[in-house]
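Keep the structure open while reading.

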Amino acid sequence: MEEYDVTIIGSGIAGATVARELSKYKISVLVIEKNSDVGLEMTSTNMTLVCQGGDSLTFRPGTLHAELNVKSIPLWPKLTKELGVPFKRIGGLGLIRDKADYLKFLKMYSRAFKSSLKPDAPYYISEKDFQPLQFLDRRSLRELEPNINPKVIGALYDPNLAVTDPIKLTKALAENARANGVDFLLENEVKHVERKEGYFVINTDKTSVKSKFVVNAAGINVDRIAEMVKARNFTYVPTKGVLTDFDEETSEIFRHQAFYLPRLGEPHVKAVVPIIYGGLRVGIYLDFVMRSDKNLPPQGLQHNLNVIKEIVPDYPFEKHIKRTFFGIMPLTNAETGWHDFIIDIPEHVPNWINIVLGPAGVSASPMLGEKVVELLSMSGLYLEPKPNFDPSAKRGVRE
Amino acid sequence: MSGVPERVSLDVALKIINAMIKFAKDNAMLPGSYAVVDEGGHVVAFERRDNAPAATADIAIDKAWTAATMKASGRILEVITRGQGWRLNVKHKGRLTIIPGAIPIIAHGRIIGGVGHSGGSAEDDLKIAQAGWAAIFREEDFNVDVEEKLSLARRIANEVISIVRKESLKPVSVSVVDEWGNLILLYRMDNAPFGTLELARDKAWTAAAFRIPSEKVSIYYNGSPLSINWNERLTPVPGGMPLVYDGKFVGGLGISGNTPTEDRRIAIEAVKSLGLQVFE
Ligand SMILES: Cc1cc2nc3c(=O)[nH]c(=O)nc-3n(C[C@H](O)[C@H](O)[C@H](O)COP(=O)(O)OP(=O)(O)OC[C@H]3O[C@@H](n4cnc5c(N)ncnc54)[C@H](O)[C@@H]3O)c2cc1C
């Protein structure tokens with residue numbers, strides 16, 4: 001049986017990021033992925049947004065969700081440059097319909113600044129990594145977006161907001177990890193894990209490996225995998241998010257990310273994102289589901305069409321629909337809406353790390369590696385840096 | 001079970017309870033009480049594990065009731081009431097339980113019931129209740145082994161249900177209490193009116209309190225079949241049976257849903273087929 005120091009289950013953005021981070025050290029690392037390539041699940045079915053500015057600063061203070069997102073802000077430009085992955089600042093618009101919206105944004109905005117831009121703030125970001133947000137009146141908003149709904153009276157403009165290609169990023173991270181010595185086992189689904197004295201035996205549908213540490217980054221299946229060794233000390237509800245893509249022509253119609261604040265009785269997200277290769281992505285119709293649910297609810301497209309029409313009323317978006325699809329993400333504290341990430345060693349199962357991301361998981365990923373390294377060294381894994389780590393080298397994960 | 005349920009049936013409620021017990025055991029949390037109610041706040045299934053304090057039973061039920069009827073989780077209610085929840089509690093005759101571990105069952109964008117757990121710290125109660133609600137989104141069932149007393153209570157309740165089904169009788173509520181009259185188990189079959197819940201529970205209590213079948217209590221202690229009325233739990237009508245297992249008195253069984261004589265017959269048959277002492 002092959003033996004590794006660390007085995008990572010799953011190669012979405014979480015698994016690939018951790019693999020690359022660990023490839024900086026002199027340890028043996030294996031990644032097990034059930035699909036024939038990396039990044040094909042949740043990481044391929046999202047808004048592609050990198051919460052770079054005001055939005056991540058408004059996440060609930062004290063949560064990992066806020067901490068990792070804010071701390072990731074300065075890391076994105078360097079990371080994407082090293083790996084040759086597209087990263088584009090498109091800017092975001094928090095749309096204001098009335099005074100209530102304005103007051104809400106004002107509150108968010110001031111909280112954001114209080115919590116991060118002062119040097120003694122818990123998650124400090126220096127001014128050079130962060131362009132200030134500003135309120136736009138009707139006229140300046142129209143200059144930026146001439147086609148916007150005339151009922152919108154202004155916006156909170158966030159020049160920092162960016163998009164990326166999460167699949168390409170995941171591939172690049174995995175290939176860089178591979179070039180730096182990490183092994184990949186594709187088309188292997190983890191079926192059963194045994195906890196032994198001092199190590200784990202991980203059984204896939206094809207083979208078995210031994211590992212001292214396990215990083216469980218199986219996306220929507222983190223709970224099931226954790227249950228195999230009684231390491232599920234958390235709960236999430238699989239949440240389906242339906243998205244609609246509109247063709248490249250629509251890029252001419254609207255150029256920024258934009259969203260409406262949620263209102264009472266409107267449980268679904270209302271947002272549009274110009275994706276990096278052109279076209280608009282609109283969503284998100286949300287529903288709590290079983291993870292095996294393959295049904296594309298018709299209300300999804302309907303909601304998404306209503307959203308884009310509420311943002312740009314006079315354009316025949318019906319004629320520009322490219323596709324409607326969904327992703328399923330884990331939502332923790334779903335009964336209150338107080339989502340948070342989980343990156344944690346369960347109290348009763350040492351040497352095992354669960355990673356549950358969910359909303360804004362791609363955005364927070366640059367900080368993930370560091371967090372996992374911290375947990376592994378706390379658990380007694382000796383991590384000695386490799387002098388010859390190459391941050392940009394690539395090697396196919398199948399080689 | 002296929003798909004997310006539309007309503008809280010007994011099967012759904014039992015799946016939720018099993019998921020909670022499994023979660024608590026996997027995480028070495030204290031044994032507690034587990035309650036699932038429907039959208040009206042009435043119990044569909046309740047279980048208390050051996051060694052869980054008896055008082056946790058009604059706390060768990062009241063938490064589930066609070067979440068279902070306030071349509072919000074305990075944590076949200078804590079925030080809304082700014083820690084002044086006890087004022088509301090007084091208004092609701094002490095029933096409103098604004099403590100973590102109370103979670104509404106949200107499905108298809110509606111609230112179809114509530115889950116309550118009591119027995120651990122506030123954090124554990126919350127985590128266990130969350131594991132319960134989330135079970136309705138899991139494809140697989142959670143089968144768990146439970147301790148001795150609860151296990152016997154489950155066998156009795158399942159026997160009662162299978163007799164009712166086999167004979168196409170009216171759906172019942174069935175309750176098992178321990179030797180002190182404290183609740184161990186309460187199930188309500190689908191379509192059994194909620195009024196049967198308290199009747200079943202009180203018949204079980206009556207049988208356990210006097211260690212004779214519930215309907216004998218008036219004659220034996222009052223000298224007349226007329227009801228004595230000095231305790232609001234006392235329900236001297238047929239359908240309550242003392243439980244004597246291996247020669248040892250262990251509690252009471254109560255059934256309600258059919259005519260009292262029918263309920264009594266079901267109880268006798270159930271204890272008989274499980275080898276417990278029969279009181280004719
Ligand atoms: C609709 C929607 C919109 C979103 N929008 C954004 C956004 O704009 N910005 C943002 O930052 N985030 C967004 N997210 C969240 C983001 O997509 C996720 O946080 C992120 O992709 C999670 O990555 P992951 O690696 O944890 O999971 P995944 O990408 O799902 O990776 C898990 C991997 O584990 C593998 N796996 C699972 N089970 C097994 C097994 N038994 N054996 C072996 N391998 C297994 C899977 O095949 C998969 O490759 C959105 C999510 C959704 C659903």
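In this predicted model, 13 residue pairs are in polar contact across the interface of chain A and chain B, with both partners at pLDDT 80 or more. The rule also finds four salt bridges across that interface. The points below take the chain interface, then the domains, the ligand and the backbone.

**Interface of chain A and chain B**

- One salt bridge joins the side chains of Glu140(B) and Arg224(A), with an N to O distance of 3.0 Å.
- On the side of chain A that touches chain B, helix H8 (222-227) and strand E13 (236-246) of chain A each supply at least two residues.
- By class, that side of chain A has nine nonpolar, six polar and seven charged residues.
- The contact involves 22 residues of chain A and 24 residues of chain B.
- The size of an interface is often given as the accessible area lost when the parts come together.
- For chain A and chain B, the buried area is about 2,300 Å². Carbon and sulfur atoms give 55% of that area.
- Which three residues supply more than any other three of the area that chain A buries against chain B? They are Met290(A), Glu335(A) and Trp338(A), with 30%.

**Two domains of chain A**

- In chain A, 12 residues of domain 1 are in contact with 11 residues of domain 2.
- The two domains of chain A bury about 920 Å² between them. Of this area, 65% is on carbon and sulfur atoms.
- How many salt bridges are counted between domain 1 and domain 2 of chain A? The count is one.
- The side chains of Asp223(A) and Arg291(A) meet in a salt bridge, at 2.8 Å from N to O.
- Three residue pairs are in polar contact between domain 1 and domain 2 of chain A, both residues of each pair being at pLDDT 80 or more.
- The side of domain 1 of chain A that touches domain 2 of chain A has five nonpolar, four polar and three charged residues.

**Ligand surroundings**

- There are 35 residues around the ligand. Glu33(A), Thr43(A), Leu49(A), Gly358(A) and Ser363(A) come nearest.
- Ile13(A) places a backbone N or O atom 3.2 Å from an oxygen atom of the ligand.
- Ala14(A) has a polar backbone atom 2.9 Å from an oxygen atom of the ligand.
- Ala360(A) has a polar backbone atom 3.4 Å from a nitrogen atom of the ligand.

**Backbone features**

- Most residues other than glycine have a negative phi, and most peptide bonds are trans.
- Which residues does a cis peptide bond join in chain A? They are Gly283(A) and Ile284(A), and omega is about 5°.
- Ile284(A) belongs to strand E16 (residues 280-288) of chain A.
- Asn51(B) is a residue other than glycine with a positive phi, near 75°.
- Asn51(B) sits in the loop between strand E2 (43-48) and helix H2 (56-70) of chain B.

Key: Residues numbered from 1 in each chain as written. Chains lettered and ligands numbered in written order. Predicted model: local features only at pLDDT ≥ 70, side-chain atom pairs only at ≥ 80, totals over all residues. Heavy atoms only, no water. Contact = heavy atoms within 4.5 Å. Buried area = accessible area lost by both parts, 1.4 Å probe. Polar contact = N/O pair within 3.5 Å; in protein donor to acceptor, adjacent residues only side chain to side chain. Nonpolar A, V, L, I, M, F, W, Y, C, P; charged D, E, K, R; others polar. Helix = DSSP H or I, 4+ residues; strand = E, 2+ residues; numbered from the N terminus. Near = heavy atom within 4 Å.
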